[in-house]
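Please look at the sequence and the 3D structure below before reading on.

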Amino acid sequence: MDDKMLEKRMELLNQSYKKIPDQTNPSDIIQAIKQEGKSQKKRALIHWPYVASFIGVLLISAVLILQLTMDEPGRKNGNQTDFAGESEQGLQREIEDAKAQYDVRKTQAMERLGFTEGIFNSTVIARDAGRHLTYIESIPMRDFSNERKVEWVQRAREELDQILATPEVMMKNLKAPLTKEEAEVWVDDFINKEQDILPLYEDELNEYRDYWMTHVENGELNMKEFNHMKNDYPPKLWLLRDGIFNNAVKLSYNNETDRLETTLDVEYFRMITNHKALPEGYELYMITRFDPVIKAGELTGTWKEAADRLMDYEKILKELPDNSRFRVEVKHEYDTLYQYFTDGNVYQPIFDENDKMKSNVEKTYRYILKEYPDYTTSLHLKEVYEELKRLNFVKPDRWVHSTPVILSSETEELYKES
């Protein structure tokens with residue numbers, strides 16, 4: 001103990017001594033001294049090594065926190081880079097899947113149609129599918145997010161299936177009833193595809209004339225015999241035969257051109273499809289498209305057949321909605337055929353050289369009035385017939401008749417409500 005500490009201690013003892021009462025016992029003196037010692041121990045002493053250690057821990061923690069904060073953007077960028085890489089790979093996988101799907105569907109379409117690749121590539125179906133595949137391959141070059149690009153590729157894959165669906169596939173899938181909006185798309189697509197392949201079958205079949213000509217009897221092709229062709233027929237002809245049968249193609253022999261002609265096989269179509277799938281009017285419209293009654297200005301059949309078709313047109317116009325893409329075409333066909341019944345034309349006159357109505361036309365008028373009495377067309381033609389009847393069916397000097405307007409059923413309902 002040094003002099004200063006000793007001096008300090010003595011001073012404290014002196015102060016304690018002065019606090020002792022004048023008369024006391026030794027035990028009280030000892031107790032007072034102990035109490036003074038305890039008060040000395042309670043004084044806080046600063047231990048500098050501990051303080052230094054604590055400050056060091058704080059500094060190290062601050063440095064670590066600062067490093068973590070500075071590294072966070074880097075980690076985010078790294079995660080974003082990894083995500084972008086995975087997204088890019090996902091997009092490429094979708095495109096590769098689309099290409100593989102295109103190859104499979106194209107091969108299936110060729111087999112179902114019975115076409116070689118050369119024939120198939122000449123179809124609109126093949127060209128549309130090829131353009132669609134090119135579009136899919138171009139999607140990565142577009143300035144949009146990979147997520148959006150993946151959605152486009154997936155949607156385009158579904159559309160690719162629809163493009164490469166042959167008429168056979170479309171007919172077999174026509175099960176559930178369609179809405180009128182769905183029927184508009186389906187019928188338009190089916191007609192376009194069927195009209196796409198029909199002339200190709202004609203061109204290919206007529207190269208095998210020596211084989212199918214043996215099945216022509218009395219100016220007509222015996223389809224039953226043709227379908228049971230002999231084993232020694234060329235394999236390509238067998239493939240064509242299968243494609244013709246499966247895609248509802250009907251063959252007929254044209255005596256004038258000495259060629260086979262193609263059209264829709266309505267019986268097979270109705271056999272393979274659900275007759276309730278298409279709304280009223282749509283199937284009938286489709287049938288009329290493949291079986292026109294006027295070609296090159298002349299009736300293709302009898303006046304009675306033309307009369308039935310005229311009534312079919314009225315029925316179609318009543319059933320199709322006002323916004324149907326087919327109404328304008330059907331209205332044109334209706335107007336043209338109606339004019340044949342009231343005026344005829346250069347190739348199909350209804351009056352003879354003495355301006356008297358031809359007997360077969362007059363007979364057809366009576367057929368219409370009897371079989372279709374409630375049709376709007378029939379009511380108008382009845383007025384024409386009665387006018388001519390009063391004149392002994394001689395054409396008057398002034399002979400002008402307008403075509404009736406056929407309203408759709410939905411428009412007629414609106415008129416009734418109002």
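## The model and the chain as a whole

This is a predicted model, in which local features need pLDDT of at least 70 and side-chain atom pairs count only at pLDDT 80 or more, while totals for chains, interfaces and linings use all residues. Residues are numbered from 1 along each chain as its sequence is written, and side-chain values use heavy atoms, with hydrogens and water left out.

The chain has 18 helices and 6 strands; helices (H or I, at least four residues) and strands (E, at least two) are DSSP runs, numbered from the N terminus. Of its 418 residues, 36% are buried, where buried means under 20% relative accessible area, exposed means over 50%, and partly exposed is in between (1.4 Å probe, protein chains only). The accessible surface of the chain comes to about 26600 Å², and carbon and sulfur atoms account for 52% of that area; such areas come from the Shrake-Rupley method with a 1.4 Å probe, and for residues only the protein chains shown count as cover. A contact means heavy atoms within 4.5 Å, and among contacts between residues at least 6 apart in sequence, 68% join residues at least 24 apart.

## Helix α14 and its surroundings

Helix α14 covers residues 303–319, and its 17 residues reach 24 Å from the first C-alpha to the last, close to the 24 Å expected at 1.5 Å a residue; the expected span is 1.5 Å times one less than the number of residues. How many residues of α14 are buried? The helix is mostly covered, with 12 of its 17 residues buried, among them W303, R309, Y313 and I316. The buried residues of α14 pack against α13 (282–290), β6 (298–299), α15 (327–342), α16 (359–371), α17 and α18.

In helix α13 we find T288, which is buried because its relative accessible area is 8%. Leaving aside residues up to four places away in sequence, T288 touches R309, Y313 and I316. A polar atom of the T288 side chain also lies 2.6 Å from the backbone oxygen of Y285; this is a polar contact, that is, a pair of N or O atoms within 3.5 Å, where within protein one must be able to donate a hydrogen and the other to accept it, and residues adjacent in sequence count only if both atoms are side-chain atoms.

V400 sits in the loop between α17 (376–390) and α18 (409–417), and V400 counts as exposed because its relative accessibility is 61%. Although V400 and T342 are 58 residues apart in sequence, their C-alpha atoms are 8.5 Å apart in space.

V405, L407 and Y415 make a nonpolar surface patch of about 320 Å². Patches are made of residues with over 30% relative accessible area and no salt bridge, with like charges joined within 9 Å and nonpolar side chains (Val, Leu, Ile, Met, Phe, Trp, Tyr) joined within 5 Å; a salt bridge is a side-chain nitrogen of Lys or Arg within 4 Å of a carboxyl oxygen of Asp or Glu. Y415 lies in helix α18 and is exposed, since its relative accessible area is 58%.

## Two residues with positive phi

Most residues other than glycine have a negative phi. N218, although it is not a glycine, has a positive phi of about 55°; this residue is in the loop between β1 (216–217) and β2 (220–221), and N218 is exposed, with a relative accessible area of 82%. N392, also a residue other than glycine, has a positive phi near 60°. N392 is in the loop between α17 and α18, and at 49% relative accessibility N392 counts as partly exposed.
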